[in-house]
Structures are given as structure tokens and as C-alpha cells.
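Hi there,

Here is the structure I promised to pass on. Have a look first, and my notes follow below.

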Amino acid sequence: MAQQERQYPERAPMKPEMSEYWQPQPPVVTPGKICEQPIPAPSDAIILFDGKDLSQWENKDGKAAGWTVADGVFTVKKGTGDIRTKQKFNDFQLHIEWRIPEGIEGKSQARGNSGVFLQGMYEIQILDCYENETYVNGQTGSVYKQTPPLVNAMRKPGEWNTYDIIYTAPTFKKDGSYRTPPRVTLLQNGVLLQNNTTILGTTEYIGFPQVREHGAGPISLQDHGDPSAPISFRNIWIREL
């Protein structure tokens with residue numbers, strides 16, 4: 001007699017909040033003196049934005065990046081989609097400066113939301129977390145939906161923030177699993193937020209990290225689509241390691 005096939009209940013669909021948690025909130029650290037002028041790039045850096053144009057960037061379709069450039073700064077043009085560098089990278093040191101607009105409104109994830117994606121795969125969250133709580137593995141400087149930042153080092157809206165990111169790309173086994181996982185160190189405004197953190201896989205909005213084999217990839221910036229005023233960027237450079 002054939003063994004009867006076992007029937008299992010269907011798994012409930014994942015919801016975004018299933019991969020979020022709110023406690024403990026990282027302590028607030030006031031960063032040092034504000035640097036009003038862009039931090040000069042070192043001699044061996046690749047300049048990704050020099051204040052003039054977005055010639056080093058493109059949209060997801062490989063066409064010209066449609067964000068707005070003015071006065072040495074570029075600003076998200078909401079509804080036009082993410083942008084990414086034309087050049088692809090493996091290990092690198094990345095410097096990027098970003099600003100939440102003064103007078104921004106909204107709360108939690110609906111306030112100044114963007115992100116920088118390493119190799120187009122792994123998101124470091126950009127968000128206004130100045131006196132604005134959200135789930136800790138989705139706040140400023142988190143490896144999104146994975147690892148919260150050690151502290152909250154936000155400057156208030158209207159002031160420039162800096163990210164300095166040191167990234168080690170993953171290597172893969174023949175079966176597509178990680179031989180060595182990606183790792184990231186992050187400083188915001190000179191304050192350590194991620195200390196050689198292991199990235200577990202893709203940074204999913206719904207669900208948990210996935211390991212996907214890949215090669216070199218771009219730096220991507222997110223057009224998040226939240227209803228708050230768009231954020232701005234300046235002075236982006238990268239050093240290949």
C-alpha cells in the first residue's frame with residue numbers, strides 16, 4: 001500500500017513588519033564640527049559627482065540619470081526611479097555627502113528616505129533619524145533589515161551628513177553560496193556605525209536575506225517614493241581597493 005502523502009498547511013505570506021524590530025534604539029551621539037565645504041577627494045579617487053553633472057550615472061534602463069543638478073548639488077527627482085553608476089566595482093572605499101531638506105515633514109520611514117546600494121545589491125539606509133524613531137534595523141546607517149547602527153549620529157535637517165564606507169565584496173563557491181560574505185564598515189560624520197559587519201545577503205523589504213551570486217556591481221542611489229521632500233547629494237568619490 002502506497003504511503004499516504006502528508007499534507008502541510010500553507011505558509012502565511014511574509015509582511016514587511018515581520019523583519020523589523022524597534023528596540024533597543026541606538027544611543028544618540030552628537031557628531032563633531034560641521035564641515036560646510038565638501039571634503040576633497042584623494043589623488044587616486046574616481047570622482048562620481050563633482051558638482052557639475054551626472055555623466056557618471058544612469059537610470060535602471062541605462063539611459064541618462066534624470067535627477068536635478070544645481071549649485072554643485074544633485075537632488076532626487078521623485079518618480080524618475082533609482083540611479084546607478086555606469087562603472088562597476090568590487091572592493092572599495094566610498095565617500096558620499098547627503099542632506100535632508102530643512103523643514104522636512106513625515107515620520108518613521110516616510111521622512112527623507114533613500115539608500116545607497118553597494119554593488120547594486122546591499123542597501124545602507126539613508127533616512128532622517130534626527131528626532132525621528134523608526135525600526136532600528138531600518139534606521140540611518142543600518143544594513144537595511146539586517147544590522148542596526150551602533151549609534152545615531154544624525155545632523156539636523158538642513159545640514160550635510162557624510163558617509164565613509166569601506167566594503168569588501170563577497171566570493172562564491174561553485175554552488176553559488178558565499179565562500180566569504182560581503183562585509184562593510186561605515187562612518188557617519190566621523191562616527192563609527194558599522195564595524196566590519198557581515199552582510200547576510202540581499203537587503204529585502206519583504207522577507208529575509210537571499211544569497212545571489214554576482215560579480216562587480218554599481219553604486220546605486222534610491223528614489224524611495226515616500227511623500228516627504230526629496231534629499232540631496234554632493235561630493236561623491238570612490239577608491240578601488
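A polar contact here is a pair of N or O atoms within 3.5 Å; within protein, one must be able to donate a hydrogen and the other to accept it, and residues adjacent in sequence count only if both atoms are side-chain atoms. Please keep in mind that this is a predicted model, where local features need pLDDT of at least 70, side-chain atom pairs count only at pLDDT 80 or more, and totals for chains, interfaces and linings use all residues. Residues are numbered from 1 along each chain as its sequence is written, and side-chain values use heavy atoms, with hydrogens and water left out.

Let me start with T134. Its place is the loop between β8 (122-126) and β9 (160-168); strands are DSSP runs (E, at least two residues), numbered from the N terminus. T134 has a relative accessible area of 0%, so it counts as buried (under 20%, using a 1.4 Å probe and protein chains only). The T134 side chain has a polar contact of 2.9 Å with the side chain of S108, and another of 2.9 Å with that of Q109. Beyond its neighbours within four places in sequence, T134 is in contact (heavy atoms within 4.5 Å) with residues including W22, Q25, L127 and C129.

Q109 sits in the loop between β6 (92-99) and β7 (114-118). Q109 is buried too, with a relative accessible area of 13%. Its side chain makes polar contacts with the side chains of Q125 (3.1 Å) and Y135 (3.4 Å). Among the residues it touches, leaving out those up to four places away in sequence, are G138, Y144, H224 and D226.

Now for the pockets. On a 1 Å grid over the protein atoms alone, a pocket is an open set of points where a 1.4 Å probe fits, with protein on both sides within 12 Å along at least five of seven lines; lining residues have an atom within 4 Å of a point. The largest pocket has a volume of about 250 Å³, counted as the space filled by probe spheres set on the points. It is lined by 17 residues, and V28, C129, Y130, E131 and N152 lie nearest its centre.

The second largest pocket holds about 170 Å³. Of its 13 lining residues, Q109, Y135, Y144, Y205 and H224 are the closest to its centre.

Best wishes

Notes:
Helix = DSSP H or I, 4+ residues; strand = E, 2+ residues; numbered from the N terminus. Buried < 20%, exposed > 50% of the residue type's maximum accessible area, 1.4 Å probe, protein only.
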